[in-house]
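Subject: Handing over the structure

Hi,

Here is the structure I promised to pass on to you. Have a look at it first, and then read on for what I found in it.

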Amino acid sequence: MLIAEVGFAEATWILIVKALVIFAAVFAVAPVLTVVERKILGRFQARYGPNRVGPFGLLQPAADALKLIGKEQFEPRGALRLLYAAGPALVVFSGIATLAILPWGDVKNGVGFYGIDVSIGVLYFFAFGGLSFYGLLLGGWASGSKYSFLGAMRSAAQLISYEISMALALFGAILMAGTLSLTEIVHAQDDVWFVVPQFLGFLIFMVAGFAEANRAPFDLPEADAELVAGYQTEYGGMRWGSFMLAEYLEMFVISGIAATFFLGGWKGPGPGFLDPIWMLAKILGLMFLFFWVRATLPRVRYDQLMSFGWKVLLPLATLNALVTAVLVTVL
Amino acid sequence: MEALAFFVGAIGALGGAIAVIALRNPFYSVLALVVHLVSLAALFLLLNAEFLAAAQIVVYAGAVMVLYVFVSAYVGGSEEPIWEPIPGQRFLAPLLAGALFVEISIAVLGTALTTLEGDGPDVRLGFGSPASIGELLLERYLIAFEAASLLLLVAAVGAVVLAARKRREAPHGA
Amino acid sequence: MLRSYIPALVFIGLGAIVSSALVAVNAFLGRKRRTGTVKGDPYESGLPSEFSRTFRWGVSFYMVAMLFILFDIEVIFLYPVGVILNAADSVFVLAEILVFVALLLVALIYVWRRGALDWR
């Protein structure tokens, strides 16, 4: 069995610098993703997508950000000021905090190419990911609008319904690797990527991931015919932008976890310095899946969403865990 | 560094706990409780109990408080008190709190202060990691581990029974 | 050992800074706030707004939250035991896991059969 140095840590300044580098890299990629998504959606619908601002519309995110910043700070009359601001802040906070867990490569020259590599591993993701629940619930509750409140309750119930399937879907891969640490899970895939033996787990994780990130076909806040804009109804300007940013961060992290657990993480042909590139390529590939699904599948109804999570995904994930447990011991 | 982290965690835990009982609105109280629980998790982490810290956040802040939030979204903001005060509560409460304080003081003064001079226990590598917790669950605490699943089963049955009764009272929900 | 958490602290700090900056930026850089009579009204369909934070929710929400606690605890128990299964390679560990999960599967089936998973 592979025993990586659990508890290995570099000098303090390296730890701080590498966290800043990862953060900067992700925030350089995230705005591009927004325009890429709209381009891709446009192509799916036989149109161009944004192509006016800058070459190929690449400056569109900057224009969007400027527009959002230029809005006035708005609060509805019945809002609770502090909590109304805390809602989007918490969601973004949880998105950024979970970025720390993604592994971008092995330990090279005494520097680990990851934010943190700790024994609790993926539990860190669930611990901080759970905080976004409070963000959207607070936002909807404090807005002082019934659409926001109803949307927040629904989105919150949706979040918790799919979180368990997500955790159980990973359990199969954890059984095979015998660790929670994300770098060790990548090492455990030396022979074969876990997407092959754990294909069901991969599927369940991605489907639950769509629901966790509030993406199509589970993007109920976008279902304007039902709840206007869900918990985001009363938000505008950069506070609304925070919810959008958090959505992209969440998609990014979920794709990263899926790439780590099922697609061999940073593994790929070529020299070692390509590792982060491979990881990024896999994440972007999985994010393309998010966009593709959004362009393809119709939105589900809320009761369908809830029963699908509890009656299909959860039993499937449990069975997957049971069968994997037996196979791991017998084989 | 560790001292700083300890005081941040301790202040968060104490402040959160005080806010839980000081705030009038149950919704705010629940939020204060979340702050308290997350701070406790930070303190666990400082004691090298990594898995316990994660479990604390995932289970308490992430799941139990979710139920509290849902319940207080229902009662929150209502002006009238939602429970009947127990007769003599104002007199009994400080008395019991005082008794508890004395008891804890005896316990603390009797034992814990002796280790103030020492360097603390030797923490071996892997202490508090999921694997070591797993071994403990399968050796020393096997019965507790299996009893936990029975307990969860009973809880599920209880929840369904209670909900069914509620449903008969109010057949049409939101 | 705890030093390996320092990057997490950096991310947490960055998260706090970025999120509060995003939430506050419009107050500083945005347009001046203009208040009108109906501007602060929450979104409604033309009727006077009626909003209360005490709202009677369907029991399904509490049911979902309750079940979430149960299965969340299941996961948190399973993870540490599952980690040692492959290395231990013993039928005993496997049996413990199977019993544990099977009991919760029974709970799920019971809840399902009683109709508590139907959203209403």
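A residue counts as buried here if 20 or more other C-beta atoms lie within 10 Å of its own, with the C-beta atoms placed from the backbone. B:Gly134 has 23 C-beta neighbours inside 10 Å, so B:Gly134 is buried. Please keep in mind throughout that this is a predicted model.

Let me stay with B:Gly134 for a moment. This glycine is found in helix H5 of chain B, which covers residues 130–138. Which residues does B:Gly134 touch, once those up to four places away in sequence are set aside? They are C:Pro80, C:Val81, C:Val83 and C:Ile84. Those contacts belong to chain C, whose helix H2 runs over 59–88.

On to the rest of chain B. Of its 174 residues, 28% are buried. Among the contacts in chain B that join residues at least 6 apart in sequence, 58% link residues at least 24 apart.

At 1.5 Å a residue, its 22 residues should span 32 Å, and the end C-alpha atoms are 31 Å apart, which agrees. Is H4(B) covered or hardly covered? Hardly covered: the count of buried residues among its 22 residues is 0.

Now to chain A. Chain A has 12 helices and 2 strands, and along the sequence the pattern reads α-α-α-β-β-α-α-α-α-α-α-α-α-α. Its radius of gyration is 20 Å, close to the 20 Å that the globule rule gives for 331 residues, so chain A is as compact as a globular protein of that length. Taken along the principal axes, the C-alpha atoms of chain A fill a box of roughly 60 × 45 × 45 Å. Buried residues make up 58% of the 331 residues in chain A. For contacts in chain A with a separation of 6 or more, residues 24 or more positions apart account for 78%.

The two strands of chain A belong together. Strand S1 (residues 103–108) and strand S2 (residues 111–114) run antiparallel and are joined by 3 bridges. One of the pairings is that of A:Pro103 with A:Tyr114 in S2(A). S1(A) and S2(A) form a hairpin with 2 residues between them. In that turn, A:Asn109 has a positive phi of about 50°.

A loop residue of chain A is also worth a look. A:Ala223 sits in the loop between helix H8 (199–212) and helix H9 (224–227) of chain A. With 17 other C-beta atoms within 10 Å, A:Ala223 is partly exposed. Along the chain A:Ala223 and A:Arg299 are 76 residues apart, yet their C-alpha atoms are separated by 8.0 Å.

Chain C has 3 helices and 0 strands, in the pattern α-α-α. Of its 120 residues, 43% count as buried.

How do chains A and C meet? In the model, 61 residues of chain C are in contact with 76 residues of chain A. Helices H1 (6–29), H2 (59–88) and H3 (91–113) of chain C each supply at least two residues of the side that touches chain A. H1(C) gives the most to that side, with 18 residues. By class, the side of chain C that touches chain A has 43 nonpolar, 9 polar and 9 charged residues.

Finally, a word on confidence. The predictor gives the complex an ipTM of 0.84 and a pTM of 0.87. Chain A averages a pLDDT of 84, and 96% of the residues score at least 70. Which elements of chain A have the lowest and the highest confidence? The lowest is in H9(A), at a mean of 69, and the highest is in H8(A), at 91. Those are the two helices on either side of the loop that holds A:Ala223. Over residues 1–6 of chain A, pLDDT stays under 50, and the model has 12 contacts beyond four places in sequence for them. Where pLDDT is low, the predicted coordinates should not be read in detail. For chain C the mean pLDDT is 80, and 85% of its residues reach 70 or more.

Best wishes

Methods:
Residues are numbered from 1 along each chain as its sequence is written. Chains are lettered from A and ligands numbered from 1 in the order in which they are written. This is a predicted model: local features need pLDDT of at least 70, side-chain atom pairs count only at pLDDT 80 or more; totals for chains, interfaces and linings use all residues. Two residues are in contact if their C-beta atoms, placed from the backbone, lie within 7 Å. Helices (H or I, at least four residues) and strands (E, at least two) are DSSP runs, numbered from the N terminus. Ala, Val, Leu, Ile, Met, Phe, Trp, Tyr, Cys and Pro count as nonpolar, Asp, Glu, Lys and Arg as charged, and the others, Gly among them, as polar. A residue is buried if 20 or more other C-beta atoms lie within 10 Å of its own, exposed if 12 or fewer, and partly exposed in between; C-beta atoms are placed from the backbone. The radius of gyration is taken over C-alpha atoms; the globule rule is 2.2 Å times the number of residues to the power 0.38. Two strands pair if DSSP finds at least two bridges between them. The expected span of a helix is 1.5 Å times one less than its number of residues. pLDDT is the predictor's confidence in each residue, from 0 to 100.
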